[in-house]
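Here is a short briefing for a first look at this structure. Keep the view open while you read.

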Amino acid sequence: MLLDFLTYPFLRYTFLTGILIGMIAPLLGTFIVVRRQSLIADALSHVTLAGISFGLMAEKKYGWVISPIYSGMIFSVIGSIFIEKLRTVYKAYQEISIPIILSAGVGLSVIFISIADGFNTDLFNYLFGSVSAVTVNDFYVIAGITIFVLVIIWLFFKELFTMSFDEEQATIAGLHVKWVNMLFIILTALVIAASIRIVGVLLVSALMTLPVAASMRIAKGFKQMIFLSILFGEIAVIFGIISGYYLDIPPGGTIVMTSIIILLIAIGMKKLRK
Amino acid sequence: MTTPVVSMSNINFHYESRKVLDDINFEIPQGAFMGLVGPNGGGKTTLIRLILGLEKQETGEIMVFGQSIQKLKNRARIGFVSQKANTFNKGFPATVYEVVASGLTAQLGYLKFLTKKDKQKVHEAIAQVGMTEYTKQNIGNLSGGQQQRIFIARALVSDPELIILDEPTVGIDYENVKKFYELLYKLNTEFKKTLLLVTHDTGTMTEYATDIVCLNKTMHFHGNPDEYALLTEADFSQIYGHPVSLVTH
């Protein structure tokens, strides 16, 4: 069954890229979920869609070749900075930054798509993911992002944990909460932009939250939760990509449904234990 | 004469048009166990937020360990325990060890990792609050009183000289409140920590505190428990801004 993935280079790169995002998406998702910011991933994925649409429009309409992964990444990072700024402007209503940025992302996407008179299959691939969309170049970019994310999380793990558990305490202790938050949301933006090739805009937030929701039910401690989230993320991505390929279904759908099954098992296990 | 741990002079503070603190002057001497009491909205939490540097006073000066709080580099000298047992995210899957270790984050600094010695400190702080057997347990599974002990351990782990506690016994049953005060007393007498405790529970607090301050926008009383015991219903009515009947047990 795995033979095609070993034989064809484009499938091999998709598979390897899947392994990478199956690790970094739930890793960041763990911090996002415990901070009750799950919808941030949705907002950023829609801003990324605006960036991708911009890249596709620029190529189709004006002949500028901008890789959509780069334009998506740039828009996502800018969107993440705006979210963080809006959170400080609306201190008492921090969640309002999410619908603002999400709607801005969708609005811009509609404008870019209209200017380009539509994109057909390209856009479908970006919305729901694709097993054939990952290029060698994409793989190297995503591998670079993975290394960057892992190093930053390793270096700032204790700050991120302290802030996630108790932001007020972190502020009192003298941590630079604003800057660490900014760094974290930029990482999130990069991971979302990197994941979209395989999982798709509409489902990327699921890969960041569903494995975490499952691990949360059974983990005894934060590090164990991270480990289980990554494990569940990898199972979902590997199974989702392979089944998506053989069933000729976009992998976004199969990855999310695998994650849902894992989540249901985790909920069932917890109930059985009781 | 030793420098007071906290010294406030001529402090005024408004929230928008509402005056919260009016010309506050007071000191917390080294080694004190100070109880801060007063009605809701009387400025207790604001006073704490000013000492912690979370708010900036409009007038006057706040000195902590002889330095302006804004310039105090080693924030680990102050430990803070809030009403967390009531408000924190109980679904957060963190072990007791992980929570207490987070108390060292700021002291260690960026790009530094816990050493063997630091890990030992974490275990010692957990032992100081009598929670060693719960080290690997998920904090969300503990009782309110046990969780509050863990938050004290988190404050203790960086070896602060001053510990500020904002109504830490809210939602904790009487038996555990008593044990909690015994722990605070031990920290004050045995481990020489200066304590500032905001509370509504004046009965138990007066058994252990060395100093009591009554605050309702202005400072109405500052004295020791014996002097506090002499306050009359008329005094309390003035402090609380409405008629108060004293009930003794």
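The largest nonpolar core of this predicted model holds 162 residues. The members that touch the most others are Leu28(A), Leu190(A), Val191(A), Met34(B), Val100(B) and Ala153(B). Helix 2 of chain A, residues 9–34, gives the most to this core, with 13 residues.

- Ala153(B) touches Val100(B), Ala125(B), Ile126(B), Gln128(B), Val129(B) and Met131(B), leaving aside residues up to four places away in sequence.

**Where the chains touch**
- On chain B, 17 residues are in contact with 20 residues of chain A.
- Helix 3 (96–101) and helix 4 (105–108) of chain B are the elements that give two or more residues to the chain B side.
- That side of chain B divides into 11 nonpolar, four polar and two charged residues.

**The four-stranded sheet of chain B**
- This open sheet has the strand order 2-1-4-5, with antiparallel pairing.
- Strand 2 (18–28) and strand 5 (67–68) each have a single partner strand, so one side of each is left without a neighbour in the sheet.
- Strand 1 (residues 6–15) pairs with strand 4 (residues 59–64) over five bridges.
- Ser7(B) stands opposite Met63(B), which belongs to strand 4 of chain B.

**The hairpin of chain B**
- Strand 9 (residues 211–216) and strand 10 (residues 218–223) run antiparallel and are joined by five bridges.
- Val213(B) has His222(B), in strand 10, as its bridge partner.
- One residue lies between these strands, and in this hairpin Lys217(B) takes a positive phi near 70 degrees.

Terms used
Residues are numbered from 1 along each chain as its sequence is written. Chains are lettered from A and ligands numbered from 1 in the order in which they are written. This is a predicted model: local features need pLDDT of at least 70, side-chain atom pairs count only at pLDDT 80 or more; totals for chains, interfaces and linings use all residues. A nonpolar core is a set of buried Ala, Val, Leu, Ile, Met, Phe, Trp, Tyr and Cys residues joined through C-beta atoms within 7 Å. A residue is buried if 20 or more other C-beta atoms lie within 10 Å of its own, exposed if 12 or fewer, and partly exposed in between; C-beta atoms are placed from the backbone. Two residues are in contact if their C-beta atoms, placed from the backbone, lie within 7 Å. Two strands pair if DSSP finds at least two bridges between them. Ala, Val, Leu, Ile, Met, Phe, Trp, Tyr, Cys and Pro count as nonpolar, Asp, Glu, Lys and Arg as charged, and the others, Gly among them, as polar.
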